[in-house]
Amino acid sequence: MSIASLQCPQPIRHRLAVAPRDYARRDRAIESYEAGEYLTAVHETLGYLLPDIEIPDLAQAPLCFVQGSARVRVHIDDDSLVLSTALMALTPAAQSTAALRYVLTRLSATGQLFQPRLHDDTVSLEFRDRLSLLHPSKLAEVLQRMAMESDSNDGWLAHRFGVEASDREPVAPLDEAEFARALEIWNTHWTTVNELMQESRRRRSVRFLDALGSYAANQVRYTLPLFGSVRAALNESADAYTDKDENPNKRDSALAKCIKEMRQVPVEELRACLGNARFAINPLHEGTPSLLTSMLGAGHRMQTTGELRAVGRSLEAALELIADYLYLLADHSWPSEVEAALRGGLDLVSGKPWREAADALWNHANQTARVYGSHGERARDDEDDGDEDEIRYDA
């Protein structure tokens, strides 16, 4: 195998400056709702979800906040709360029928709390419910999911069907130096993943494929501030090749197809899909001490990785550890000291030979879990559950 190490470049993606949530406000929202103080419950729920934003009196003024490229609007209409975010504007030159079909089949569903609506030529995602029926848990779920769906699909719709962005928030583009570095990271990454995929096919190991799929998706998510059509295509492919319930041969084919497509993305399209956005709602899961312990502590997960090191399978051990670190950084938000510790582990092994990288990151992982983890471990399959009642980091 020609590749002897992995590079772990510093991220171009800005660190998300999202204030920690005040869970006491969530509890007060539920108490207010149960006491019949419905408008107070809405304000407390919004304050819990949007800690950096001053919430106006919705009875007097509407609220608008930015989630990536989406502008989400909130207002009171009689005795109901209305949420809306414009998704696209249909034009004569757009493939309007195909765009509407996609929205109706992919962004609409029976029983879904929010639904697409067409007003004149503008398609929006909307939700309306009476205040007396709007439990804080329902409002929190709708607001987070609707904002996420809007931000995730608007750029892809414009790229695929030629619709226009309607009432969207512009994303700050990268400067020339940042883009040059981003392009180098992008090209190097997919070349490396292609090399590792050949090794995966030679070994025929599902475990190796699991680690490779995680690395392929999360290295890019962590280092590059992707949005729009490229992010949508990458996420759709990653859903296929990281699905552990799917047939390994299908996952292998999905990864091979993704590598080919990502390497063929035109430079200008990639440039148009790179930029640092603002997020009012934290788009990442909140990292917890128990998650660090379950992934990096002295449990089953690290024990099996240690067995790989013991029998000299350093490449697999190093790849698993690096993939775990990237997953923790790409999909979770952490206090600055924890994020710095995780980043320090990647710096420690970047460009190092497989055996040296496996040994160094193994020791670093155990030390990180001892300092920042907890004594309660979770099973590997439960690492994404995000139980809001477990121990959390202080701000």
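**Charges, shape and burial**

Tutor: Let us begin with charge: the mean positions of the 43 positive and 61 negative charges of the protein chain are 6 Å apart. Lys and Arg count as positive and Asp and Glu as negative, while His and the chain ends are not counted. Each charge is placed at NZ of Lys, CZ of Arg, CG of Asp or CD of Glu. This is a predicted model, in which local features need pLDDT of at least 70 and side-chain atom pairs count only at pLDDT 80 or more, whereas totals for chains, interfaces and linings use all residues. Residues are numbered from 1 along each chain as its sequence is written, and side-chain values use heavy atoms, with hydrogens and water left out.

Student: What makes the radius of gyration of the protein chain agree with that of a compact globule?

Tutor: The radius is taken over C-alpha atoms, and the globule rule is 2.2 Å times the number of residues to the power 0.38. For 395 residues a compact globule would have a radius near 21 Å; the protein chain has 22 Å, and therefore the two agree. The C-alpha atoms fill a box of roughly 70 × 55 × 40 Å along the principal axes.

Student: Why is S200 called buried?

Tutor: Buried means under 20% relative accessible area, exposed means over 50%, and partly exposed lies in between (1.4 Å probe, protein chains only). S200 has 6% relative accessibility, so S200 counts as buried. Across the protein chain, buried residues make up 50% of the 395 residues.

Student: Where is S200 found, and which residues is S200 in contact with, leaving aside its neighbours within four places in sequence?

Tutor: S200 belongs to helix α5, residues 176-203. Helices (H or I, at least four residues) and strands (E, at least two) are DSSP runs, numbered from the N terminus. Contact means heavy atoms within 4.5 Å; with those neighbours set aside, S200 is in contact with S205, F208, L209 and L212.

Student: Why is H119 called partly exposed?

Tutor: The relative accessible area of H119 is 41%, which is why H119 is classed as partly exposed. H119 lies in strand β4, residues 115-119.

Student: Which residues of helix α11 are buried, and what do they pack against?

Tutor: In α11 (residues 300-310), the buried residues are R301, M302, T304, T305, G306 and L308. They pack against α6 (206-223), α10 (289-296), α12 (314-331) and α14 (354-372). After α11 comes G312, with a positive phi near 85 degrees.
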